[in-house]
Amino acid sequence: MCALGVNPPRDYVSRSGVAGQEGPRRPPCPLSSPGIRRSFPMTIRLLPPTLVNRIAAGEVVERPASVLKELVENAIDAGAGRIDVVLADGGRARLVVVDDGCGMTPDEMVLAVERHATSKLPGDDLLAIHTLGFRGEALPAIASVARLTLTSRPAGAANAWSLSVEGGAKGTPEPASHPPGTRIEVRDLFFATPARLKFLKAPRTEQGHVVDALHRLALAHPGIGFSLTDGDRSVLRLAPAQGDLFSGRLDRLGAILGRDVAENAIPVDAERDPLRLSGAIALPTCNRATTAAQYLFVNGRPVRDRLLHGAVRAAYADVLPHDRHAIVVLYLDLPTDLVDVNVHPAKTEVRFRDAALVRGLIVSALRHTLAQARPQAHPALGAEVLDALRAGGAGDDPLPAGTLPPRAPQGTGSLPWHGPRRPGQGALRFAYAAQAPAPWTGSGAGAGEGGGLAESGTARVPLPAGVVEPFPASAEGLPEDPGDIPDEWPLGRAVGQIHATYILAQSRDGLVIVDQHAAHERLVMERMNEALAEGGVRRQGLLLPEVVDLDEPAAQRLLEAAEDLARLGLGIEAFGPGAVVVREVPALLGDTDVKGLVRDLADGLAEWGTPQILQDRLGHVVATMACHGSVRAGRRLGLAEMNALLRAMETTPRSGQCNHGRPTHVTLRLADIERLFARR
Amino acid sequence: MKLTIERTAFLKSLGHVQSVVERRNTIPILSNLRMDATDQGLALNATDMDLEIVETLGAEVATPGLTTAPAHTLYDIVRKLPDGSQVELTHDATEGQLVLRAGRSRFRLACLPVDDFPVMNPGEFSHTFAIPSADLRSLIDRTRFAISTEETRYYLNGIFLHATENAGVPVLRAVATDGHRLACVETPLPEGAAGMPAVILPRKTVGELRKLIDETGMAVTVSLSEHKVRFAFDDVRLISKLIDGKFPDYERVIPTDNDKVLEVERQPFAQAVDRVAAISTEKSRAIKVAATPGLLTLSASSPDAGSALEEIEAKFEAAPLDIGFNARYLLDILDQIQGDSVRLTLADSSSPTVLRDGADGSAVYVLMPMRV
C-alpha cells in the first residue's frame, strides 16, 4: 500500500535540489495509518500518463451515461446519420456505440486514444468551436478506466481496423470487418478504478441516466436516427426526422416527451440579433411536477442551466400552479464567440457573455408565445376527461354516476377500446383539474350571499369590453343552428349553464366546458394588469425609511436592479456597504413587511436575476382583487352573457388558465364523445 | 359561593370584561372569567395574558367564594335573560359547577380551577396621575387611525405616550404611525406625570380602553411603570403590558421647514377628496392635488373608469405645486380635524406634508405623498 511513497517510480522529479528538504526519511510504511498522511515528506513528481488519464476520467467519466454522452457526441461530430447504442447491465458490463459517420484511419485511431488529440480544433481558436467536443480528453479518459475497443472504417477505405486499449494499455491496430463508420465498445467500465465502481447505482438507475442523456442528444439532433438496446430489450427507437426543421423537431419532441406534449406544443421563434431562439413550449395546462422536462440546447449542445429554469418560471409566472413546472424545449443559436463552452470538462454548463440578454430573450419570447396562444381545444385535457370517464366507478370519481358510460366487464365485451385500465396519471390529473374549483364554488357562494366586500368590488371592476358590447339580438335565447359557428369562434356558441357554474358550449367539432369563475377571473386580471402597466405602479413614500441590512453582494445586486425596482414601485438607495434604505413601496401593497420583501427580493435576484418576487407580490394583490371582482360560481348567466364571456376569452391572452394556473375550459371532441358511446 | 345580582348591572359589566377574552384560545382557562364574591360585591376578572380587566359591581353576597366560568357563554346567557330579572349564582366547590338561576331558567356551567387563572402582577408603578376622560378620549381618537397593523414592526403597533415640552409648556403627547402617515396629538401635562417613562400602548389595549371610557365622565387615574400601565376609573381597572420596543424618533420626520402654506375649508375639501377618489378603482386610491394661487384642483384617473376633476377655493401663495396622495389616508386625517379649516404645509411633491387644524394647534398630522 505504500508502494508509491516508498519506491517512487523512476521518472519522479526530486525537489531535493531546490531547497534540500528531503531530510531524513521516516521508516517506510507506518503501520496501517489510514487516510492521508500529511506529515510524510513527499516529493513532487510528474504523474504517469495512465494516472493522469484516470484523474481526467474522474471529471469526464462519472457513470455510464457520461461515457455514452461523450461517445454519441463524437458520433454526431463525425456526421453520423444514425447512431445505435447497445447496453448490457445498464452500461456497466458493456456499452457499444455504432455510427455511420466519417470513420478514422488506423493512424488516427492510435492518436485518438492519446490525451489532447482531436480533429475538432482545426484552428487554435477556442472561441470558434463548432463541434460538441474539442478537448480531446474523452477517449483516453474512458480507455484508462475501462476496456475499450475501437473499430472504424473511413468512407472509401477497403476494410476496417480495430484497436484495443485496456485500462490505458494500448494495443496495436489490427484489420477487422465493419461497414463504413465507427464502432466503439466499452466493456467493464471502471474495472481499473474500483472506488468509482462502488459509486455506481443499480443497473436500472444507470440505464435511466443513459436514456436521459440520449434523450437530450436526440432532442438536439432530430435529423439523426437513434436506437438504444439494453440486453435484448429495445428501449428507444427514433427514426431520423423528415420534413422541415420545425416539424422534425416536433416529431422528435413527441417521440421523447410523449404525444400529449406534442399535441399541446406551440412553436417558439424569436430573434434578437445575433441570438435566435426556436423550439417549442407546452401550453401551461400541460405541465410537470419537476423541471426535468425543460431542455435548452445552445448551438446544438444540451446544456443544464439555472438561467433557463429561472427564465421559464418568470415567463409562466401567472399561468402555472406554483408547484408545477412548464415543459419547454428551446434551441438557442448564437455566434460561438458569445458563449464559452470550456467551463466544465463534461460541458454541461456554458457561460454566456451576456446572460441578461439571453434571459431577456427567453422570457419575452415565451411570454409572447403564451400570450399569442389563443383558446383552442386542449387535447390533453380532453384526453384526461375521457380517461376519467372511462375510469368510471372508481370511488372518488369526480363525475356523477349517472353520466358514466355503461360499464362492461373489464377488458371484454362491448367496449373493446377500453384496453387495460390505467388508474394512472391521466385520471389523477384530471381529478385534480376537475376538483380544484370546488373550494372557489364554496367561498364564491358564501361571499355572494353575504353581499359584503367582494360584491362592492365587483361593481367597480367592469366587465371586459367584449362583454359589455351590444350583442346581436339573435343571440338572445334562441337555439342557433349548430353549423352556424364562425371560424373565429373556437370556443363555440354557449348552449347553457350547468350548476350555475359551468358553461357548456358547442364548438365546430365538439363540446367546450368553461368554468365561468376561472375564466372571468383571468379576463379581469388581464385587464387590471394592463391598467397597471399603463398607469405604472404607484409608489407610496415612507415617512420612516426602512433600513435593511444585507450582505454586501446582496445589497449590490439590489442596487443594480434599482431602476427595475423603481418601475415596480420600490424605491431603494444605498446605505453604506451591505445595507439599503427603502424610501418608497408600491402603494398596492399597503402596510407591508418591507424588510421581508427586500430580503426575499435579494434572494430572488441571486437565484433568477430578476425582481420576480416583487412582480409576484403585486400579481398576487391584483389576482386577489380580480378574484373578488369576477363572476362567481353559482351566478346564473344568460346566453348573451355566456357568449360574451366566450368571445372575450378568445381575444384575451392566457385565457386558458385562471390566475392560479387551473384550466378555464376543457374541450371534448365530437369524435371522443362518439367513442364514449361506442359509435366508433 | 352564593349571590344574587341584578341582570342589567351584571350584563353591563360582563359586556366590558368579555371583550378582553379572545374568541379562540389555546389555553382553556383564558376563556373563563374569574369571579370573586366578597362582602364588597362581585369582582369580575378577565385576561388574555397581556391585558387584564377587573370590574367590581354590587351584589347581594350570601356566601363569599371564588370560581371561574366561561366568559362568552355567561355573557350570552345573561344577555338573553329578560330585563329586570334577578340572577342567582351558586357555586358548589364539590361539584365544580356554577349554577345560574333566573326566573324559571336554570343553567349549569362547567368551571375550571381558580388556581389556574393567571392574575397579572402589576408590580410597582412609578408614576400615577389623573387625566380627564375627555382629554384621554381625544388623544386616542385622533391618533389610533394611524397605528400600524404590520406585525413585523411591532413597535408601531400601538400609541406612543410620553411627557415632553412644546414651546416650554409641558405636555402629554400621543403619537402613532404606520410609516405612511403619522398623528401626533398633545394635551396639557397632568399633575404627577412629569418624568413618566415613555410607553407604547398596544392596539388592543387602546381599543378596549376607548370603549370603556366612553361611558365615564370622571377622571381616569393612570399608573405607569416601565412595563405595565393601569387605568382606573369608576369600578373598572384595566392593567396592560406595554409594547417592549423603541418607538422611532418621530420628531425627526415632522418637517419644520415646509414653506408652502395651503389653507382650505375642511368639510368641502374632505367631501371633494371623497368624490374624486370614487373614480380610482385600484386599492391605493391615488388622487392628485394641484395647488395654484387661490385654487386647488383635485383629480384622479383610472384606465377602467375614466377620470374626475374638482376645483376648490383655497388660500395658497407659493409657486404652483402638484402632489399625489392616497385618498384614504388623506380622509382619515381630515376626519380627525374638528375645526372649519385645515392648514397644509408642503415642501415639494416627494416630501412629507404637514396637516394641522386651522384653529387648534394640539394636533399635527404628517402624510407621505404618493408618486402618481
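Okay, let's start with an arginine: B:R210 is buried, at a relative accessible area of 13%. Keep in mind that this is a predicted model. So who does that arginine pair with? B:R210 makes a salt bridge to B:D214, with 3.2 Å between the closest N and O atoms.

Across all chains, the search turns up 45 salt bridges.

Here's another one. A:D188 and A:R147 meet through their side chains, 2.8 Å from N to O. A:D188 sits in the loop between strand 7 and helix 7 of chain A, and A:R147 is in strand 3, so this pair ties together parts 41 residues apart in sequence. A:D188 is partly exposed at 30%, and A:R147 is partly exposed at 22%.

Now back to chain B. B:R79 bridges to B:D76, closest N and O atoms 2.9 Å apart. Those two are three residues apart in helix 2 of chain B, so about one helical turn separates them. B:R79 comes out partly exposed at 39%, and B:D76 likewise is partly exposed, at 32%.

Which residues touch the most other members of the largest nonpolar core? That core has 99 residues, and the answer is B:F10, B:M35, B:F231 and B:F269. Looking beyond its neighbours within four places in sequence, B:F10 contacts a set including B:I5, B:M35, B:L57 and B:L89. There's a second, separate core too, with 63 residues, among them A:V72, A:A75, A:V85 and A:L139.

Conventions: Residues are numbered from 1 along each chain as its sequence is written. Chains are lettered from A and ligands numbered from 1 in the order in which they are written. This is a predicted model: local features need pLDDT of at least 70, side-chain atom pairs count only at pLDDT 80 or more; totals for chains, interfaces and linings use all residues. Side-chain values use heavy atoms; hydrogens and water are left out. A nonpolar core is a set of buried Ala, Val, Leu, Ile, Met, Phe, Trp, Tyr and Cys residues joined through side-chain atoms within 4.5 Å. Buried means under 20% relative accessible area, exposed over 50%, partly exposed in between (1.4 Å probe, protein chains only). Contact means heavy atoms within 4.5 Å. A salt bridge is a side-chain nitrogen of Lys or Arg within 4 Å of a carboxyl oxygen of Asp or Glu. Helices (H or I, at least four residues) and strands (E, at least two) are DSSP runs, numbered from the N terminus.
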